Amino acid sequence: MKLITLFISVLIANTAVAQKNVPLPHGMVFGEKPDTIALMPASKLEVFMGKKTRVTTAISGKVIKITKEKGGWFEIDAGNKRVIAAHFANTGVNLPRQLAGRTVIMSGIAAKQFIADDLQHMAGDTVNGKKQHKVNTGADRRISFEVKGLMIDK
């Protein structure tokens with residue numbers, strides 16, 4: 001009977017230790033180590049892109065929330081109530097929920113998302129010829145970021 005009681009107490013103690021919330025350390029890397037040579041804040045990414053639709057860069061920003069742990073889908077605060085939707089190019093990366101609220105440095109490809117209305121010139125549904133090669137990069141468009149590497153900063 002003492003052996004069973006001892007076994008159960010050891011099992012409970014191991015379960016309690018395994019469920020401790022261990023903070024993520026500064027410098028922890030997910031994916032590749034990001035290149036920080038041309039690092040900029042996430043709030044300045046849209047200004048940096050200008051009229052470009054895609055750009056390779058490194059940004060730093062605060063993680064708002066992890067939308068999907070498997071595959072590494074999350075959202076970054078871009079300032080002025082704007083959000084950058086980010087995901088890993090390598091779908092084998094799993095992000096912990098504790099990453100929410102932390103400042104991270106990430107490198108990858110930023111791209112502006114467009115609606116179907118922007119590409120109607122390909123379908124031949126345009127009224128005039130001037131609209132055919134114009135891309136609508138309005139301020140209400142969302143930016144997505146395909147992450148190659150992420151490192152915890154703060």
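Here is a short walk through this chain, starting with the whole and ending at two of its residues. Keep in mind that you're looking at a predicted model.

Let's begin with the overall layout. The chain has three helices and seven strands. Of the 154 residues, 32% are buried. Now think about who touches whom: take the contacts between residues at least 6 apart in sequence, and 71% of them join residues at least 24 apart.

Next, zoom in on Ser107, which sits in strand β6, a stretch covering residues 103–112. Is Ser107 buried or exposed? Its relative accessible area is 12%, and buried means under 20%, so Ser107 counts as buried. Which residues does Ser107 touch, once you skip those up to four places away in sequence? Pro34 and Asp35 are among them, and so are Thr57 and Ala58. Further along the chain, Ser107 also touches the run Phe145, Glu146, Val147, Lys148 and Gly149.

Our other stop is Gly72, in the loop that links β3 (54–68) and β4 (73–77). With a relative accessible area of 0%, Gly72 is under the 20% cut-off and therefore buried too. Leaving out neighbours within four places in sequence, Gly72 is in contact with Ala86, His87, Phe88, Val93 and Leu95. And how far apart in space are Gly72 and Asn94? They're 22 residues apart in sequence, yet their C-alpha atoms are 5.3 Å apart.

Technical notes: Residues numbered from 1 in each chain as written. Predicted model: local features only at pLDDT ≥ 70, side-chain atom pairs only at ≥ 80, totals over all residues. Heavy atoms only, no water. Helix = DSSP H or I, 4+ residues; strand = E, 2+ residues; numbered from the N terminus. Buried < 20%, exposed > 50% of the residue type's maximum accessible area, 1.4 Å probe, protein only. Contact = heavy atoms within 4.5 Å.
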